[in-house]
Amino acid sequence: MSAPLSNPSRRRTALIATASLALVAGASIAAATLAWAGANDLPSEQFLAEQGLTVVGPMPSSGGLKAWAAYREQQPIPIYRLPDGKHWVIGTVIDAQGKDVNAKALHSAVQKPMGQQTWADLERTHWIGDGKPDAPQIAYVFTDPNCPYCNQLWREARPLVQSGQLQLRHILVAVLRPNSEGKAAAILHAPSPEQALASHAQAYADAHGKSPDTLGIAALTRIPLSARDALANNLSLMNAMGLRATPATVWKNAQGLVQIRTGMPPGLLDSVMDKKPVK
């Protein structure tokens with residue numbers, strides 16, 4: 001599929017289609033080309049469903065191939081139709097310098113619909129609200145009860161939360177310490193999870209120099225099935241989003257596009273509130 005490289009000008013403009021299976025985020029595909037008997041625009045719906053691909057629609061493409069933007073979980077994936085109209089390539093179109101020439105077009109095409117799907121998935125989790133439900137800004141936070149940076153975020157967000165500007169929706173996970181699950185379950189199983197989370201966070205914030213295992217709420221030794229299922233579902237979504245650290249904060253910017261940050265980088269809350277950091 002590449003142009004002849006017999007002279008420098010052609011070498012600079014050559015486009016090489018590569019079947020980059022890594023872009024399919026772990027999907028197993030037997031071959032780079034996907035055969036289909038008819039002259040359809042895309043491979044069969046059955047194939048797309050088996051690969052977990054959501055097709056957004058056509059996208060502009062360098063290189064002369066007809067292209068579609070798709071995604072699987074949080075992974076943008078391009079689909080290219082070969083000139084015969086009967087075969088497709090899932091992969092990357094690069095130039096002679098190895099640059100992905102369609103990366104910007106793919107990102108632009110999938111960013112909004114992929115974000116909308118992510119937001120809908122977050123809304124369906126078992127989250128715990130911190131702040132007024134009618135706050136103008138909402139941020140979801142994957143939170144481990146033993147995470148010091150999660151507690152830092154909780155503390156630094158107090159002025160915004162208490163003034164009604166921000167609601168944090170904590171999605172509890174248990175990833176850091178052996179008793180994280182017991183603490184998270186204790187919060188979820190409390191008569192008022194909102195109050196239990198606030199009391200745990202405040203006790204954690206007030207403690208200094210103590211073992212993390214002793215901070216905040218006492219861990220349950222027997223985990224109720226409902227809490228175990230909620231925590232498992234929360235962690236499953238966190239993993240599907242490719243997030244590997246807490247806190248992981250997700251919000252929408254002024255343009256309605258979903259933004260994601262992990263950890264507690266400087267200026268996080270300014271970004272969440274669409275404010276420029278004070279210099």
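How many nonpolar, polar and charged residues does the lining of the largest pocket have? The close-ups below take up this question and others on a predicted model.

**View 1. Residue classes around the largest pocket.** The lining has five nonpolar residues and five polar ones. Charged residues are absent from it. The pocket's volume is about 170 Å³.

**View 2. The residues that line the largest pocket.** Q74, H107, Q111, M114 and G115 belong to the lining. T118, M241, L243, V258 and I260 complete the list. The largest share, five residues, comes from α3.

**View 3. The largest cavity.** About 100 Å³ of space lies inside the largest cavity. A search of the whole structure finds one cavity of 30 Å³ or more.

**View 4. The residues that line the largest cavity.** T143, D144, P145, C147, C150, N151 and W154 are part of this lining. H170, L197, H200, A201 and Y204 are the other members. By class, seven lining residues are nonpolar, four are polar and one is charged.

**View 5. Helices at the largest cavity.** Helices α4 (148–156) and α7 (193–206) each supply at least two lining residues. Helix α7 gives the most, with four residues.

Definitions and conventions: Residues numbered from 1 in each chain as written. Predicted model: local features only at pLDDT ≥ 70, side-chain atom pairs only at ≥ 80, totals over all residues. Heavy atoms only, no water. 1 Å grid on protein atoms, 1.4 Å probe; cavity = no way out; pocket = protein on both sides within 12 Å on 5 of 7 lines; lining within 4 Å. Points joined across faces, edges and corners; volume = space filled by probe spheres on them. Nonpolar A, V, L, I, M, F, W, Y, C, P; charged D, E, K, R; others polar.
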